[in-house]
Each structure stands twice: as structure tokens, then as C-alpha cells.
Amino acid sequence: MTAIAPRGLPADRRFSDEFLRLWPLIQTWIEPYYDGEHMRRAADWLLFLAPNAPEHLVIAAATHDLERSVPGGPILDKANMAWDDRVYNDAHASRSAVVVSEWLVSHGASPELVAAVQQPIREHEFGGSLEGDVMQAADSISFLEVNGGLVSGWVLKGECTKAKSREKLDWMRDRVRLERARPFADHFHAESIAELERATS
């Protein structure tokens, strides 16, 4: 596998004035988030997998986890909860949809954009629609590409066992519904597993 998602918006695609106004503001919003690189790469991978994806889907990919930047959200017990825990993941995704929608409203986004961005964010963990499946794939590939060190850190800091961290990486690979995305998930899964082994051996 040699193809890797390029960084940033494609130069050969035209975007609306609304999108181009919001996009740098979104990048500023993402910047202080602890997993901001994952968010940026999720948008890159979404555009790689679906070059003509609608603008709301690109925005959804770049913001899908940002409820975690707002105190008071659902708590994941990494040591004891299943990574695919439906209650936690649905609460996380639904809260992100609300947080992102409220941010968009506060920055003058159109009602149509605000409405459209919500469902793919709600579906980024489990997929379920065409937009949800490509969101989930972009999220998974980006996580595996960027977060091998983060997952290894959970073990080193005692937040969960090495086996539990391995389960997280396996789940991020195995949950991908989009067939064309699986080779990329496989590739970065292997790299992140190797990083986990190096860091924790």
C-alpha cells in the first residue's frame, strides 16, 4: 500500500464561500484539542476516500470528537468498559453532534449546514448510512495512523492493560464497513500494533 491521504483541502476542488469562511475557524478550534492531529487527518482521509464528499461531511469529519473538549461529557473507563460500549459511544457521538451544531450556529453557519452535519457525527462510531460509513472509515484510519503513541501511553500510565489497548486498535480496524477503506485500516493497524509492542516490551 503506497497511497496516503494528502494533507489539507484539495487544490482542484471548489468549495463554497461559507465553507471557506468556516474552515480556518474550525482549524483554530481544533488546535488546542489533545487529539487535534487525529481530527485533521480524519478530514484528509474522508476527502481521500470520497473526493466529492459534501462540505458538511468534511466539517463533520474534522470535528466529530470535539465534545471531549467540553467538560461534563460521558466518561469511558478504559480499564473496564468495552470499546464498543453502545451507551458510552452513542452518548459521545450524540453530544459531539450537539457541541458542533452549537458552535456552527454561533459562527453564523446556515441552518442547512447545521442540520446536515449532525447525523454523520452521530454515526462516526458505528456507521449505518453511506455518510456514516465513510465517516467511520476516515475516523478509524486516522486514529490508527496517528494514535499508536496515545494508545501505548494508556498502558505506560496504567490506564489499561496492554491487552486492552490492543483490543482498541483491533476494534478500530475491524469496525470499518467501507470495503475500499479496509486496506488502509489494515496497514495502519499493523504499524500501531508494532508501536505498541516497541513501547511496552
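Reader: Leaving aside its neighbours within four places in sequence, which residues is alanine 137 in contact with?

Author: In this predicted model, alanine 137 is in contact with Leu49, Val176, Leu178 and Ala181, once neighbours within four places in sequence are left aside. Alanine 137 itself is found in helix 6.

Reader: What makes alanine 137 count as buried?

Author: Buried means under 20% relative accessible area, and alanine 137 has a relative accessibility of 0%, so it counts as buried.

Reader: Why are helix 6 and helix 7 called roughly perpendicular to each other?

Author: Helix 6 (residues 130-146) and helix 7 (residues 148-156) pack at an angle of about 65°, with their axes 5 Å apart. Angles from 65 to 115 degrees count as roughly perpendicular, and the two helices are therefore described in that way. Their contact is made by Phe143, Leu144 and Val146 of helix 6 together with Gly148, Leu150, Val151 and Trp154 of helix 7, a set that divides into 6 nonpolar, 1 polar and no charged.

Reader: How do you know that the span of helix 5 agrees with its 12 residues?

Author: At 1.5 Å a residue, helix 5 (residues 111-122) should span 16 Å, and its end C-alpha atoms are 18 Å apart, which agrees.

Reader: What puts the buried residues of helix 5 on the same side?

Author: The buried residues of helix 5 are Leu113, Val114, Val117, Pro120 and Ile121. They cover an arc of only 135° around the axis, and therefore lie on the same side of helix 5, whereas Pro111 and Glu112 are exposed on the other side.

Definitions and conventions:
Residues numbered from 1 in each chain as written. Predicted model: local features only at pLDDT ≥ 70, side-chain atom pairs only at ≥ 80, totals over all residues. Heavy atoms only, no water. Axes fitted to C-alpha atoms, helices over the stretch in contact; angles between N-to-C directions. Helix = DSSP H or I, 4+ residues; strand = E, 2+ residues; numbered from the N terminus. Parallel < 35°, antiparallel > 145°, perpendicular 65-115°, else oblique. Contact = heavy atoms within 4.5 Å. Nonpolar A, V, L, I, M, F, W, Y, C, P; charged D, E, K, R; others polar. Buried < 20%, exposed > 50% of the residue type's maximum accessible area, 1.4 Å probe, protein only. Expected span 1.5 Å × (residues − 1). Arc of directions from axis to C-beta.
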